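Work through the exercises below with the sequence and the model open. Each task is followed by a solution in steps.

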Amino acid sequence: MKNTLIALVTLISFTGFAQEKDNPTTFKKRVLENTEVDFLLSYYKQDGTHSPVGGGIGSEKLTDIASNIVVAVPINDDDVLTIDVGISTYTSASSSNINPYNATGASGGGEYDDKISNGKAATNSPYGTPWLASSGASASDQLASVSANYSHSSDSRNTIWNADVSFSNEYDYTSIGFGGGFTKLFNEKNTEISLKANAYLDQWRPIYPTELHEYDTYGSGFQNNGFFSGVSILDQNGVKSTAYSPSAFTSYSNSNRNSYSASIAFSQILTKKIQLSVFMDVLKQEGLLATPYQRVYFADKANYYIGQSQYIPVYETAANIGVYQLADDKERLPSSRFKVPIGARLNFYINEYVVARTYYRYYEDNWGIKAHTVSIELPIKISSKFTAYPLYRYYTQTASNYFAPYEQHLSTEKYYTSDYDLSKFGSNQYGAGFTYTDIFTQAKIFILGLKSIDLRLNHYERSDGLSANIASMGFKFVIE
């Protein structure tokens, strides 16, 4: 009996030990060991001479400061919840000229700018210029956003699914997004296939250029009402005129913009030193795809201005500091757009100090744009904790079917824009990054252990004259 009892206890113990070894949930590693917090900050500054608000000419000076806090929380061994909260504040010479007339225009219909006319006449002798920023409230704005992502990994870590929701808002635009993804790993995690789908349901609160807003409000009698009451409108020769009538303009009846995307990606470790991944996205946009406050000027229509007549001959140069041309219409674009990007990444492990990360993407849409992107990044391991990232990126695209420069569209066209983002251009981006990593989080700030610091600097140049500098910094902490 005693021997039988010992044998039974031994069998139970062995069986429990065997079950413990065979059960992958017992010893599985948590997807995320501790809560991680990222603090991200970026600064962007640009300049150019092709303002879309000015119909293709004018200052494109813009500065943007953005900050994000990203918190990733392990719910259990398999699930992670990530919350991203961000705010971006910008000042823009271009958008300030939605209302270029010394903050007296009516571009916001009495809502956007508490300084605007709101049915009142303009100040005496108003003037503006596309080459300088106006002092109206449209010169600056803030974008606030929040997103949440929930991901679940199987016990084997070979299957991952995730779902996400997002919300963002600025004065004239609100976006709600949702989506999800699925990832499957095969071949001892050497092969990976992922699928993802997202939808964004956005809504404009359209803001029009001052002159178009007043025409929409008062109709053919707008020159005797509101902002234009008592304001002199000048023709090309600087002579007072009452002939200006932007009859092509109509306000939007639909202010929704919906975007849908689906993507598939395949990744394969080819050798110990080479990894290849390929991807394809399909994107569809519907609704109001034009920007309501971007002006268009027609070659077959007479020009009219508000301001100081001596600057009309130099209107297209920065020497113009006192006159602004009245729009013939706002930008008009189709209500649907279909985009297909296809690309690949190839990463080479050169040696223990250097890895080459290469990227190529081809893009095409049904607005006539075809584009190529090529980039290379070379992470160089300086020490066990420091890595440098030289970067170069080249981009080129053809023009949209609907683009033409300042005063080259005709009023008989159905669609038109002078936004140089839809023009033919090439661009070069040069950059470098530096990363400090400490997996042991030896540096502490209260309960936060510093895991990494990332700094990146980039310079961007476009063939149409636009240039920009971008600086970003990120701090990753672990809550221990």
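**Exercise 1.** Leaving aside its neighbours within four places in sequence, with which residues is F228 in contact?

*Solution.* The model is a predicted one. Set aside the residues within four places of F228 in sequence; the contacts that remain are E211, E214, F222, Q223, I233, I306 and L326. Next, look for F228 in the largest nonpolar core, which has 26 residues: F228, I233, Y244, I306, Y315 and L326 are the members that touch the most others. Then assign the core to elements. Helix 4 (210–218), strand 12 (304–307) and strand 13 (323–325) each give at least two residues to this core, and strand 12 has the largest share, with three. Apart from this core there is another, of 21 residues, including Y293, Y395, Y460 and A468. As a general background, nonpolar side chains in soluble globular proteins tend to be buried together.

**Exercise 2.** Which residues of helix 4 are buried, and against which strands do they pack?

*Solution.* Start with the buried residues of helix 4, which are T210, E211, L212, H213, E214 and Y215. Now find the packing partners: the buried residues of the helix lie against strand 11 (295–296), strand 13 and strand 14 (329–330). Finally, step past the end of the helix, where G219 has a positive phi of about 70°.

**Exercise 3.** Is S255 buried or exposed?

*Solution.* First place the residue: S255 sits in the loop between strand 8 (234–235) and strand 9 (256–269). The cut-off for buried is under 20% relative accessible area. S255 has a relative accessibility of 16%, so it counts as buried. Beyond four places in sequence, S255 makes contact with D202, Q203, W204, P206 and L288.

**Exercise 4.** How much space lies in the largest pocket, and which element gives the largest share of its lining?

*Solution.* The space in the largest pocket is about 1500 Å³. The lining is made up of 49 residues, and T291, Y293, Q294, D419 and D421 are the closest to the centre. Strand 1 (residues 35–47) gives the largest share, four residues. Sorted by class, the lining has 24 nonpolar, twelve polar and 13 charged residues. Y293 is also named in the core of 21 residues.

Definitions and conventions: Residues are numbered from 1 along each chain as its sequence is written. This is a predicted model: local features need pLDDT of at least 70, side-chain atom pairs count only at pLDDT 80 or more; totals for chains, interfaces and linings use all residues. Side-chain values use heavy atoms; hydrogens and water are left out. Buried means under 20% relative accessible area, exposed over 50%, partly exposed in between (1.4 Å probe, protein chains only). Contact means heavy atoms within 4.5 Å. On a 1 Å grid over the protein atoms alone, a cavity is a set of points where a 1.4 Å probe fits but cannot get out, and a pocket is an open set with protein on both sides within 12 Å along at least five of seven lines; lining residues have an atom within 4 Å of a point. Grid points are joined across faces, edges and corners, and a volume is the space filled by probe spheres set on the points. Ala, Val, Leu, Ile, Met, Phe, Trp, Tyr, Cys and Pro count as nonpolar, Asp, Glu, Lys and Arg as charged, and the others, Gly among them, as polar. A nonpolar core is a set of buried Ala, Val, Leu, Ile, Met, Phe, Trp, Tyr and Cys residues joined through side-chain atoms within 4.5 Å.
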